[in-house]
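Dear colleague,

I am passing on the structure we spoke about, and I would be glad if you could read the notes below alongside it.

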Amino acid sequence: MQKKFSIFHFQLSIIFGLSVFLFFWKLFPYHLHFKEQFQLFLFTQDYLVETVSRPGGFSNYVSYFFTQFFISSFVGALLMSCFLTGIQLLIYAIIRKFRKSKSSVGLLLSFLPALLYWYFLCDENTQIAGVIALLLALISTLIGISLKSHSARRIYLFASIPILYWLAGGVVLLSVLLLIVYDLYSAKKNQLSIFNFQFLIISIAAIGFTISLPFITKYFLAQYTLERYWWGPDYVFYVNDSPFAISYSWILTFLIVVGVSFLPKAKSVKPKSAIRSFSYSIIQLLILLLCIYFVILKNAYPQNLVKEEIMAYDYHCRMQNWDKVIKMADRKSPTIPMTVACLNLALYKTGQLPDKMFSYYQNGPEGLLPTFRRDFMIPTVGGEPYFYLGFVNTAQRFAFEAMESIPDYQKGVRSIKRLAETNLINGNYEAAAKYLNLLEKTLFYKKWAKDTRTYLYNDAKIEAHPTWGEIRRFQIDEDFMFSDKEKDMMLGIFFQRHPDNRMAYEYLMAYTLLDKDIRNFPIYFQLKKNFTYSEIPKSWQEALVYIWGLQHDVMDDSLPFPVRNTIKQNAIDYARIYTSMESPEPTLRKQFPKTYWYYLHFRDFKQTNAEQMPQY
Amino acid sequence: MKNVKLYRWLLWMMFPLFFSCGNKGQELFVDELPSIYPDYVNITIPYNIAPLNFTLRNCTHIEITLKGNTDSLRFTGKRKIQFPEKRWKKFLQAEKGNNITVSVKAKINGNWFAYRPFEWLISKDAIDSHLTYRLIEPGYEVWDKIQLCERNVENFSVKVFADYNLLDNSCMNCHITANQNPNISFFHLRGEKGGTILNKDGKLRKINTRTGDMFASSTYGNLHPSGRYGVFSSNIVIPQFHTLSSTKLEVYDTESDLLVIDFDNNRIIRSPLVSGKENLETFPCFSADGKRIYFCTAPALSLPDSIQQLRYSLCSIDFDADQGVFGNHIDTLVNMSSADSKSVSFPRPSPDGRFMLYCVSDYGTFPIWHRETDLMMIDLESGKNVDISKVNSDYSDTYHSWSSNSRWFVFASKRDDGYYGKPYFAYIDEDGKAHKPFVLPQRDPYYYDYTLKSFNIPELINGKLPFSASDIERIYKEGNLETLK
């Protein structure tokens, strides 16, 4: 019967692990990809030494090592599942050691710290390093309490403090406290009590030693603030923010282990009936599933869903999954400039930008070519259209500045890759080689780097490359200063120098429409002759009809350009409603939400700015 | 019998060792110099420099022989040579003033190659023992991990003396000393609690070097040898971004003036000759004796439209340290006012007052991002140019600083990749002849491959700095901000 119980304990952990796995694999995969792109794990001695040479640095190193596997959401979810289940299993093992019993008391409670960490991990601001640190502390505790000899345990206690502090940082305090409490528990009756002098001295010495370590470290290594030495690893992405919430998981762990250990042991070990134990197991399972439902699915998931969507746009844009970007937008139109920029790029890449751009929510020129901001995310995504347009220096600046803005001061593998590309296109082969050197020291970008190395100093090969070749071909030999306020002018210069640069032209047209610059639109429209269109794209037709309507009373066959009858009729209907109603917006929103006219009259894009974006 | 078996077994076990060492007897002689990295081929080095560890890319094993007048040493390594520090030091001391021959053999793709030997001239003139620099990613507007570091160039020890982690990630400008004296120095520390940090014999002060009537903070500066005065330019700095692939960033000033700060009396000294809107004045520095101020100046133009016409000349003005007043006329040392001329920046006179080093770019005032920037030198006694083309490269060579004996100078060069500046040392012999420069040696010769940091404004100093990162943290967080009159 006891064996059956143990199997059930394990089954409950498996169900928990499976839930974590499915959650991150199916519901939050882009959170994993998001993390992966903002770190650069190098298999070099310098990287190892630099990372581990501070308290908690080892936990950071291990977390960076595992984070690189988040390039695959399947593996990433599996790792998340292992980490969180590992926490639960270790806590449960510690509880059983404390209770010196194999009963299932405390089984359900042992899931709570892992569940709490799961909740934290749904927020991309929580780093894996904290999980690694907690696992190390629990392993250390388990080793300590597994020692049979009383004096061996005490030697272990003092020996483990500096080692664990260096490996895992401030979480060492949890391990020390658990070892001290266990020391008290494990003593024979009347042999040791909380008031025992020896116990008190050892406890105070151990706690004092633990507390003194950050001060000692600060004295010898002045590089970090005392607070950073208290905490150790980077628990949160914004490393300068206090990670205090993370310590709730430590407090909870301590309270559960100690609290459960205080519970009286059952006097008889009378075996339960199979039905009763089965019912008991089912109830435990239901409670666990209910907890997961309320904590994760009802709270953490909806709280972070918007960010998951943004990360999804970012990921698909990075991977050039243009159809997936459009499919996402078909389900729910993106609204913030960063994601709208991904959508517009995807529309261009699939040849639909001028036709379909107003079928989705547009928030002004920022949703086409985002302005640089001192942030790690906006320039990362915002640099994509500039790259494909041929604004290589701008794409390079965005990639570089995004990397330097990563809140935990790591380098970003995605930025490094883009820097290698921009330097390759610009012919700065020495710089490109430097970035490729770095990528060759990674696990998952090594192959790409080795392949890309064959392009160095090989202009003909670059020119034959489908992406890099085109971008290089559209470079201009005239220098001018990039200006965020004159993007249309710059697109115009690019197009002027290369009248076959279709992307520059369509972006110029889109920019003009989004900027509501109807004065210049007809002028730019005349340049359309360089390209073949089966008919004038929809948004252009709508703009032309609108401009025509401003100067003419009737919408008849005298229009100097071919316009679909439906668009003509819609324009007449739209004009009628717009001019006849006092507040036409609700009606027009209902009937013509996907037209340029509605955008022109009712979308105040200046109010949609970066400040409205979710904060990372 | 048992022993014979054992020997046989040992020989059998050692066979792969013989095999893996290759047949050095059959090594191929290559009649060319080895392409070692860093490039330490045929250079002049000071006798007190740290070991010049290097690698030969693609090799699996390397063997070198150093042959001097007194001794001959052999070193081997896998993929790289890392000299033992003690033997290196002893050898260089013994070979002071001599040429030593360096022979390199390397195993590449299983075969040993012997290259044509090259030489190192061990100069009797020591280089200043320490080097300060700012470590920063060569970005545009955003900075990440800024650190001010002090490296002992006689070994590999590095001390961070101002760290972003301790200073709310505030921006820091480079650390400048008075005549390479570590006891008189300053750097600007920006941020909410920042100020100009002045070090005088280890006593730190935090000073607000911007007064109400100044249009911008103090930017580029230098200290008087006495430590009493600092000369600064106050600049409105504008960054702009090029679109042409060969260029990156342009930084220019829309206004800039010079001022001297009397740190003993916390007062500002100005002169109408070096301020006003008609001209832009920048990059000031004191002469070694403190009696003159050198600076760069250009007529104000409409910027950025006329940026390519912006050319700075090198000028000087007297400074009376006793009275604390500027002189009443300006001398022009290098005139760049003609249309076909170039632009001068960052003048630095040698401590013995004999030479003046400066940067020359096609135009503008921010040489670090001008690929064409080269170092130039004039003999201040004769006024003639001295040819130092040997030290320049295809990428920008800028931000130089002299060793206190005026025999060595350090500068930041982007010669490897165009982006990441590294400190290079060059020797100027008694005849004023420049020798081929070499990069600051690192313990691991692959260090420069994987670092994403630029070494900004390397400054040689003749001793250790008398303060630490904790001192800077303390004055940043708790120090009183002094104001100027």
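Predicted model: local features only at pLDDT ≥ 70, side-chain atom pairs only at ≥ 80, totals over all residues.

Residues are numbered from 1 along each chain as its sequence is written, chains are lettered from A and ligands numbered from 1 in the order in which they are written, and side-chain values use heavy atoms, with hydrogens and water left out.

Chain B is assigned domain 1 (25-123) and domain 2 (130-482), the bounds coming from an automatic or database domain assignment, and the centres of these two domains, taken over C-alpha atoms, lie 35 Å apart. Contact (heavy atoms within 4.5 Å) involves 26 residues of domain 1 of chain B and 24 residues of domain 2 of chain B. Their buried area (the accessible area, with a 1.4 Å probe, that two parts lose on being put together, summed over both) is about 2,100 Å², with 54% from carbon and sulfur atoms. On the domain 1 side, B:Tyr37, B:Thr44 and B:Glu85 lose the most area, together 23% of what that side buries. Four salt bridges (a side-chain nitrogen of Lys or Arg within 4 Å of a carboxyl oxygen of Asp or Glu) are counted between the two domains; separately, the side chains of B:Arg443 and B:Glu85 form a salt bridge at 3.7 Å, N to O.

Turning to the chains, 41 residues from chain B and 40 residues from chain A make up the contact, and about 3,900 Å² is buried between them, 51% of it from carbon and sulfur atoms. B:Val142, B:Thr243 and B:Tyr450 supply 19% of the area that chain B buries against chain A, more than any other three residues. The count of salt bridges between chain B and chain A is four, and A:Lys411 and B:Glu137 meet through their side chains in a salt bridge of 2.9 Å, N to O.

With best wishes
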